[in-house]
Amino acid sequence: MDLTSLLGAFLGGQSTSGISQATGTSSADVSSILAAALPALLGGANQQASNASTADSFAQALMDHATANTSNVASFFSNVDTEDGAKIVNHLFGGSSNATIKSIASEAGVTQKQASSVLSAAAPYLMSLLGQQTSAETKKATTQAAKTSTTTSLMSSLLGNVDLGSLAGSLLSSAVSTNTSTKKTTTKKSSSGIDLSDGLDAGDVVGILGKLLGGN
């Protein structure tokens with residue numbers, strides 16, 4: 001699985017714009033919410049995939065969401081099922097869902113209602129992206145047990161070498177810095193040299209991951 005392309009799509013300009021249109025939240029706030037939520041979202045996905053009691057249903061959910069058409073991001077979010085998204089968020093965050101969303105809202109500098117709305121729109125897209133990246137391998141498996149095992153392995157491989165807390169901190173810091181600078185000047189790059197003025201692209205993610213993994 002390719003974490004760079006996944007994050008580039010999930011946090012990119014088209015995604016943030018689509019979520020902004022769907023929720024009535026500014027693109028800048030959407031970027032901040034998604035950056036703050038990354039550790040909980042990806043950590044929750046990894047836990048769902050590795051927990052014996054949830055692994056089968058999570059693997060099936062990924063396969064179901066993999067069929068969604070994400071080639072037209074604007075269209076995806078204009079038709080996004082936020083009720084399904086809210087259920088996904090609750091599954092990924094578990095029993096601490098309310099507390100986690102409250103913490104994300106605080107980090108992003110938005111209301112809990114805004115954070116919840118954005119995450120409910122974003123969660124189905126994340127599941128589709130994860131499902132599409134795992135589908136090629138899971139299709140090769142001939143039994144549900146094999147599909148589940150493959151999903152668990154792929155999720156572990158995806159997240160094993162990345163400190164999710166540091167990743168989110170870098171993204172959130174860059175987003176806040178960029179949002180502040182673009183309001184005051186025409187400068188588009190944050191102090192880290194990463195341009196988030198139009199959302200993240202693959203180059204931005206490469207830069208951030210390179211900083212985090214450079215010492216490994």
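The following legends describe close-up views of a predicted model.

Local features of this predicted model are reported at pLDDT of at least 70 and side-chain atom pairs at pLDDT 80 or more, whereas totals for chains, interfaces and linings use all residues. Residues are numbered from 1 along each chain as its sequence is written, and side-chain values use heavy atoms, with hydrogens and water left out.

**Figure 1. Overall architecture of the chain.** The chain contains 11 helices and zero strands; helices (H or I, at least four residues) and strands (E, at least two) are DSSP runs, numbered from the N terminus. Along the sequence, the pattern reads α-α-α-α-α-α-α-α-α-α-α. Of the 216 residues in the chain, 46% are buried. Here, buried means under 20% relative accessible area, exposed means over 50%, and partly exposed lies in between (1.4 Å probe, protein chains only). Among the contacts in the chain with a separation of 6 or more, 71% join residues 24 or more positions apart, a contact being heavy atoms within 4.5 Å.

**Figure 2. Packing of helix 3 against helix 7.** The axes of helix 3 (residues 27-50) and helix 7 (residues 97-108) come within 8 Å and cross at roughly 140°. The two helices are therefore oblique to each other. Axes are lines fitted to C-alpha atoms, for helices over the stretch in contact, and angles run from 0 to 180 degrees between N-to-C directions. Angles under 35 degrees count as roughly parallel, over 145 as roughly antiparallel, 65 to 115 as roughly perpendicular and the rest as oblique. The crossing of helix 3 with helix 7 is right-handed; a crossing has this hand if the near helix is turned clockwise from the far one by less than a right angle, and is left-handed if anticlockwise. Helix 3 contributes S32, I33, A36, A37 and A40, which meet T100, I104, E107 and A108 of helix 7. The contact of helix 3 with helix 7 comprises six nonpolar, two polar and one charged residues. In this classification, Ala, Val, Leu, Ile, Met, Phe, Trp, Tyr, Cys and Pro are nonpolar, Asp, Glu, Lys and Arg are charged, and the others, Gly among them, are polar.

**Figure 3. Packing of helix 6 against helix 7.** Helix 6 (residues 82-93) and helix 7 have axes that come within 9 Å and cross at roughly 100°. Helix 6 is therefore roughly perpendicular to helix 7. From helix 6, V89, N90 and F93 make the contact, together with S97, T100, I101 and I104 of helix 7. By class, the contact of helix 6 with helix 7 has four nonpolar, three polar and no charged residues.

**Figure 4. Packing of helix 3 against helix 6.** The axes of helix 3 and helix 6 lie 8 Å apart, and the helices pack at an angle of about 75°. Helix 3 and helix 6 are therefore roughly perpendicular to each other. Residues A40, L41, G44, A45 and Q48 of helix 3 are in contact with H91, L92 and F93 of helix 6. This contact of helix 3 with helix 6 has five nonpolar, three polar and no charged residues.

**Figure 5. The largest nonpolar core and L119.** The largest nonpolar core has 44 residues, and F10 and L119 have the most contacts inside it. Such a core is a set of buried Ala, Val, Leu, Ile, Met, Phe, Trp, Tyr and Cys residues joined through side-chain atoms within 4.5 Å. Two or more residues of this core come from each of helix 1 (3-10), helix 3, helix 4 (55-65), helix 5 (73-78), helix 6, helix 7, helix 8 (112-138) and helix 9 (144-159). Helix 8 gives the most, with 11 residues. Beyond its neighbours within four places in sequence, L119 is in contact with I33, A37, L41, V89, F93, I101 and I104.

**Figure 6. Surroundings of H65.** H65 is located in helix 4. With a relative accessible area of 17%, H65 is buried. Residues up to four places away in sequence aside, H65 touches D84, I88, P124, M127 and S128.

Figure 7. D2 lies in the segment before helix 1 and is partly exposed, at 37% relative accessibility. Not counting residues up to four places away in sequence, D2 touches Q133 and L158. D2 and L158 are 156 residues apart along the chain, and their C-alpha atoms are separated by 7.0 Å. Q114, in helix 8, is partly exposed, with a relative accessible area of 26%. Apart from neighbours within four places in sequence, Q114 is in contact with T25, D29 and I33.
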